[in-house]
Amino acid sequence: MSLARRTFLTAFAGSAVVSCTGASATPDDAVPRAPRAAACAARRLLGHHAHQLSFGPLPGARDSFRVDGRPGRIRVAGTSPAVQLAGLRHYLKHVVHANISWAGEQLDLPGLLPAPPHPLTGTANVPHRFVLNDTNDGYTGAYHDWSYWERELDVLALHGFNEVLVYVGADALYHRVLSRFGHGDRELREWIPSPAHQPWWLLQNMAGPVGGPVSTGLLAERARLGRRIADRVRELGMRPVLPGYFGTVPPGFAERNPGAHVVAQGEWYGYRRPDWLDPRGAHFARVAATFYRVQREMFGPADLFKMDLLHEGGKAGDVPVAEAARGVEKALRTAHPEATWVILGWRRNPPKAIVNAVDKSRMLVVDGISDHFPTVTDRDADWDGTPYAFGSIWNFGGHTTLGANTRDWADLYDRWRTRPGGALRGTALLPEAADNNPAAFELFSELAWRESPLDLRDWFDEWSVARYGGRDPEAVAAWDVLRRTAYGTTRADGWGEGADGLFGARPSLAARSAASWSPKQLRYDAAEFEKALDHLLAVRPELRHSSAYRTDLLDVARQTLSNRSRALLPRIKDVYEAGDAAGLDRLSRAWLDLMDLLERLLATDARHLLGRWVADARAWGADDAERDRLGYDQLSLVTSWGTRAGAEAGLRDYANREWAGLVGGLYRTRWVTYFATLRTALDERREPEPVDWFALEDAWVRAPGELRIHPTGNTYKVAVQVRERLRRA
């Protein structure tokens, strides 16, 4: 027996039964309890079946896993706990046909776990596997608690990611740091945005709370949660990516710190941006040193720091951009000599003035538009050889739209990765909100672990088997339809996400999208897509019991209904312009009937309940006043976004989504109001009266009425109703 094989077996001796009590890190643990981290995650995910698994190390410089064993004694080895979990996912998919995702799961496991027919092995083809968008802590939900984050991190590790963006608690960090530079407690709490809007403050786009000042108690709770998240990331063998310091300061910093050079940043969609402290000066160096020292105390060690200099219209003023970049880098290197600066590839960022001013080997560009624009063809040239990660943003604002440009992933990723002398060093999963589109989540996560070209037909076939727990011709057919439609789009049309539905649009007969910056037409054949619903409904009954099946059935039925809005609105426009009042009555009723059916469908699933999302926010409040502020913060983000100026500049409905409570609440209220104005205009033979939509929206956000927090109804039965209703249309 070889020495490597003896080492492999010795590592597993007696390791199947572990205690996970107190498995979270303590503040002084840099890499705590790593030997049992994967086993504890497996127990959280698989329950008692985890006792049949054992985990151990696998020597090697590249991230790799190996799975073997005998029935009931499955051995998983990997170069880190997260990689071990990636090996476990490979076993679950290919041997026992099980699926765990961030949206639904299927765990119909046999009592005795079977051994793999041969050792399963895998090696990552890139070192960086980055996950979560800057906006995640807003659009996914700023008010999730530890129970959410614990599972989310387990699922991310299971899917092979190793770099996780952690923004929770940054508000408390800035408060603590800037209070040492002359700013008062109340002043800072009135400058720091409420949690749902904080991502854009960290991007230096906006400042000031939506709904009122953040409380000291809220800051303290978020700091504790952020530390717990960062500790668990490290415990699982992943790396937390923390916010770095690149110059964000409140108004009045220069007056409190004489000699500081501050550049005003103006406005962003009607919001005042934070000021920018010149990175070349001694004041910046002192603030940055304090920032990184306090950050280490609060959140523990890190070597990856996210910073987006002059994001979305930031103004350099009289500060040369290259010199600013060198100042930011110098402060980072002084605090963390081995750190990597992570920066978003977005629009014109980062410019060559930044990447050519710093040590490229210690920078990583996470590209948000690899699969978005056909003009993006050579990132090596765009960033002069700076290491970058191939990325995708398949939704903006958390739209519930199903689909992704998977054909681009299959075509571009390997081609760019294997380009001679190329700088592609990773993947970056960057939807603006997580916990949706589970097929896209799984497929993208596998790019970094594939050893052969991606055949999408084969992949979706295998996905249907693991997703529902067995091979079924109807499931295979359903996912083949989806592969060719919602998941068969490409960036050739200049879009990276699917078209949102018109039920969520501000009412207009000319509406072509709900969000201002979304596709104006469907990117696939709607009639062809609808065939997937028939196939899913025909899946054999024993495969319908999992949350994975219910999630997918709801998504397809929801998307089918949503797509019909694009066919019906032009008909409503025609009868109105023809002066046909009876036709308007008939078709507007049909429109509202579809919305009511959509509301009933969405209400069957807890993940699609607006009320639960708002209740999560309110739960963080210490009294009624704070609960109201936090509820408004959360709810405004997916509706008006906050202020009238921001809404009218294009932010309203940016984060529209088809959720129960929104569809049957604000969205229905708007369309009922609009149809009434059209009917009155026909009766009185005049133009429709204008509606102050922001006033209506803001009033609803402040008093939405009772929002359901528990699901009701049966997803399958309502999906059947959807099919029957659309057959009559």
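Me: What makes helix α16 count as mostly covered?

Reply: Happy to start there, and keep in mind that this model is predicted. Helix α16 spans residues 438-447, and ten of its ten residues are buried. Among the buried residues are Pro438, Phe441, Phe444 and Leu447.

Me: How do you know that Glu446 is buried?

Reply: Glu446 is found in helix α16. The relative accessible area of Glu446 is 9%, and buried means under 20%. The value lies under that cut-off, so Glu446 is buried.

Me: Which residues is Glu446 in contact with, leaving aside its neighbours within four places in sequence?

Reply: Those residues are Arg89, Lys93 and Trp459.

Me: Why is strand β1 called largely enclosed?

Reply: Strand β1 covers residues 53-57, and four of these five residues are buried, so the rest of the structure largely encloses the strand.

Me: How do you know that β1 and β3 pair?

Reply: Two strands pair if at least two bridges are found between them. Strand β1 and strand β3 (residues 73-78) have five bridges, in the parallel sense. One place to look is Leu53, which stands opposite Ile74 in β3.

Me: Which strands make up the closed barrel?

Reply: The barrel has eight strands, in the order β7-β8-β9-β15-β16-β17-β18-β19, and the pairing is parallel. On average, neighbouring strands of this sheet are turned by 30 degrees against each other, direction ignored. Take β16 (residues 340-345) and β17 (residues 363-367): they run parallel and are joined by five bridges. Here Ile343 stands opposite Val365 in β17.

Me: Which helix lies across β18 and β19?

Reply: That is helix α15 (residues 406-417), which runs at about 180 degrees to β18.

Me: What makes β10 and β11 edge strands?

Reply: Three strands form an open sheet in the order β10-β14-β11, with antiparallel pairing. Strands β10 (248-249) and β11 (262-263) each pair on one side only, and that makes them the edge strands. Strand β11 and strand β14 (residues 275-277) pair over two bridges, and at least two are needed. In this pair, Val262 stands opposite Leu277 in β14.

Me: Which residues of α20 and α27 meet?

Reply: On the α20 side they include Tyr549, Leu553, Ala557 and Arg564, and on the α27 side Tyr716, Val722 and Leu726 are among them. By class, this contact of α20 with α27 has nine nonpolar, two polar and two charged residues.

Me: What do α18 and α19 bring to their contact?

Reply: Residues of α18 including Glu474, Ala477 and Leu482 meet residues of α19 including Phe529, Lys531 and Leu536. The residues of this contact of α18 with α19 divide into seven nonpolar, one polar and four charged.

How values were computed: Residues numbered from 1 in each chain as written. Predicted model: local features only at pLDDT ≥ 70, side-chain atom pairs only at ≥ 80, totals over all residues. Heavy atoms only, no water. Contact = heavy atoms within 4.5 Å. Helix = DSSP H or I, 4+ residues; strand = E, 2+ residues; numbered from the N terminus. Nonpolar A, V, L, I, M, F, W, Y, C, P; charged D, E, K, R; others polar. Buried < 20%, exposed > 50% of the residue type's maximum accessible area, 1.4 Å probe, protein only. Axes fitted to C-alpha atoms, helices over the stretch in contact; angles between N-to-C directions.
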